[in-house]
Amino acid sequence: LAYRRTALVVPLVRDRDGGRVTLNPEGEPLVTYALSAHDGLSVLDGVEASLKILVAAGATHVGTLMHRGSVLELKDGAGAESEQVKSYLRSIRRLGLSPCSLALFSAH
């Protein structure tokens, strides 16, 4: 990898279904959160939009931080609407999101 030419994009997605924070018996916070099907699709939409932005900006390689994801090496002239990119995005959708397959963060 060419780290000095690497860009990371974090899609900000608002969840609809949320979770909750309670206290355990020791008084420590306990986070309970399960990604709903609706919110999972929103995350995948964000990942897809982020990849398209990177391709449009001239990226030569794109990938995700998904557990089973792969890196796509773009052919010369492959744009965000090329069949190569569309095929890669379909493969990301097919992988879907399962527990622990993608790091999720909370921002407030």
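The second largest pocket is lined by 15 residues, of which Leu35, Leu97, Ser98, Pro99 and Leu104 lie nearest its centre. On a 1 Å grid over the protein atoms alone, a pocket is an open set of points with protein on both sides within 12 Å along at least five of seven lines, a cavity is a set of points where a 1.4 Å probe fits but cannot get out, and lining residues have an atom within 4 Å of a point. The model is predicted, with local features needing pLDDT of at least 70 and side-chain atom pairs counting only at pLDDT 80 or more, while totals for chains, interfaces and linings use all residues. Residues are numbered from 1 along each chain as its sequence is written, and side-chain values use heavy atoms, with hydrogens and water left out.

**Pockets**

- About 270 Å³ of space lies in the second largest pocket, where a volume is the space filled by probe spheres set on grid points that are joined across faces, edges and corners.
- The lining of the second largest pocket divides into 10 nonpolar, five polar and no charged residues; Ala, Val, Leu, Ile, Met, Phe, Trp, Tyr, Cys and Pro count as nonpolar, Asp, Glu, Lys and Arg as charged, and the others, Gly among them, as polar.
- The largest pocket holds about 1,700 Å³ of space, and of the 43 residues that line this pocket, Val9, Val10, Pro11, Leu65 and Phe105 lie nearest its centre.
- At least two lining residues of the largest pocket come from each of β1 (20–23), β2 (29–32), α1 (37–56) and β3 (61–62), these elements being DSSP runs numbered from the N terminus, with helices (H or I) of at least four residues and strands (E) of at least two.
- Helix α1 gives the largest share of that lining, six residues, and by class the lining of the largest pocket has 27 nonpolar, 11 polar and five charged residues.

- The 20 residues of α1 should span 28 Å at 1.5 Å a residue, which agrees with the 29 Å between its end C-alpha atoms; the expected span is 1.5 Å times one less than the number of residues.
- Among the buried residues of α1 are Asp39, Val43, Leu44, Val47 and Leu51, where buried means under 20% relative accessible area, exposed over 50% and partly exposed in between (1.4 Å probe, protein chains only).
- The buried residues of α1 pack against β3 and α2 (83–95), and α1 is followed by Gly58, whose phi is positive, near 105°.
- The structure holds one cavity of 30 Å³ or more, and the largest cavity is lined by Leu44, Val47, Glu48, Leu89, Ile92 and Arg93.
- Both α1 and α2 give two or more residues to the lining of the largest cavity, which divides into four nonpolar, no polar and two charged residues.

- Gln84 lies in helix α2 and, at 19% relative accessibility, counts as buried.
- The side chain of Gln84 reaches the backbone oxygen of Glu73 at 2.8 Å, and, not counting residues up to four places away in sequence, Gln84 touches Leu72, Glu73, Leu74, Lys75 and Ala78, contact meaning heavy atoms within 4.5 Å.
- Thr60 lies in the loop between α1 and β3 and, with residues up to four places away in sequence left out, touches Leu72, Glu73 and Leu74.
- A polar contact of 3.0 Å joins the side chains of Thr60 and His61; such a contact is a pair of N or O atoms within 3.5 Å, of which, within protein, one must be able to donate a hydrogen and the other to accept it, and residues adjacent in sequence count only if both atoms are side-chain atoms.
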